[in-house]
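Let's take a look at this one together.

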Amino acid sequence: MSKSVSGLSYPGSDANSDYSFKGRSVVTLDDMPLGCIVELLDRASYISGHMRQVAHTCDGRVLATLFYEPSTRTRLSFETAMLRLGGQVIGFASAKEASASKGETVSDTLKTISQYADIATIRHPKEGAALVASQAADIPVINAGDGGHMHPTQTLADLETIRSRRGGFKGLTIGLCGDLTFGRTVHSLISTLCRFGDVNFVLISPEELRTPEYVLERIKASPSCSYLETDDLDQVIGDLDVLYMTRVQKERFFNEDDYLRLRDTYILDLDKLDKAKPDMAVLHPLPRVNEIEAGVDGDPRAAYFEQVRNGMLVRMALESALLGDALPGYEEGKEVRA
């Protein structure tokens with residue numbers, strides 16, 4: 001895993017680091033050079049316009065999806081990605097379906113799965129579980145979300161959606177709204193955007209769901225980034241280039257009364273959108289409950305179902321890259337827009 005990825009460049013990035021996709025696990029994007037992140041986005045963009053050409057990229061490969069936590073979009077996205085690349089899928093959709101219900105450790109599960117599959121993805125309610133899995137496995141492991149910590153492939157989907165809508169990341173004012181305490185998608189996105197730099201974050205949440213201090217410290221450590229904390233979406237929506245809505249996550253609350261009190265704090269509707277820029281992009285990692293009214297779906301600023309498709313595309317890009325399977329017709333390091 002010492003072969004470097006060539007042909008990559010991103011101003012101010014660590015793109016020339018000695019980094020190879022093949023055989024690597026992805027627990028976080030923090031240790032991935034920016035140029036390599038851009039390369040994955042370029043691969044996803046290429047795949048979007050060349051689905052037939054890449055349909056046999058991963059023939060004979062097997063992906064294991066190990067989901068200890070319920071999921072619809074993320075699990076099916078990973079599975080669809082491998083199927084569209086020509087591979088096969090095994091796995092389980094909840095801890096009750098796994099030997100974890102008998103007391104088996106994550107480490108032993110991954111050591112076992114390594115004998116069956118070529119690559120695995122894991123979602124787990126405990127922070128750090130994906131790292132444990134990657135250390136135990138003999139195959140690449142992708143973090144599909146560990147507790148409230150990180151969700152790197154969702155971040156890739158978010159980045160590609162923002163890039164396709166806004167042309168890049170620099171100079172943007174990005175609002176993140178809702179559950180900023182437990183929202184792993186928010187934490188991952190902020191962390192990666194801070195590495196690109198020149199982003200103004202507007203953190204919109206009730207007092208009880210404010211951004212954790214370690215995430216704020218990440219913003220402070222980036223000289224070209226800044227942040228504003230507020231509880232008033234109406235007041236700031238007109239300044240935003242991107243609005244990233246999140247649901248208040250019932251499963252993260254110990255007290256249901258607190259959840260019921262906070263769940264409807266922010267609801268994006270057409271009246272609120274009237275105050276926004278005509279080219280503002282609305283993102284949401286989904287599933288939504290009622291924080292975005294269905295009437296918003298028809299507005300051209302709604303980008304969350306585009307975000308879902310981008311999630312599949314970036315996972316296709318990542319799975320093939322970690323397996324070392326070349327995309328037919330793709331020239332590494334040369335962006336090809338669909």
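A nonpolar core here is a set of buried Ala, Val, Leu, Ile, Met, Phe, Trp, Tyr and Cys residues joined through side-chain atoms within 4.5 Å; buried means under 20% relative accessible area (1.4 Å probe, protein chains only). This is a predicted model, where local features need pLDDT of at least 70 and side-chain atom pairs count only at pLDDT 80 or more, while totals for chains, interfaces and linings use all residues. Residues are numbered from 1 along each chain as its sequence is written, and side-chain values use heavy atoms, leaving out hydrogens and water.

Q: What makes up the largest nonpolar core?
A: It has 63 residues, and M32, L176, I190 and F201 have the most contacts inside it. Apart from that core lies another of 19 residues, L233 and I292 among them.

Q: What does L176 touch?
A: Leaving aside residues up to four places away in sequence, its contacts (heavy atoms within 4.5 Å) include V186, F201 and Y244.

Q: Why is strand β3 called largely enclosed?
A: Strands are DSSP runs of E, at least two residues, numbered from the N terminus (helices: H or I, at least four). In β3, residues 119–124, six of the six residues are buried, so the rest of the structure largely encloses it. I119, T121 and R123 point one way, with A120, I122 and H124 pointing the other.

Q: How do you know that β3 and β4 pair?
A: Pairing takes at least two DSSP bridges, and β3 and β4 (residues 141–146) have four, in the parallel sense. A120 stands opposite V141 in β4.

Key. Buried < 20%, exposed > 50% of the residue type's maximum accessible area, 1.4 Å probe, protein only.
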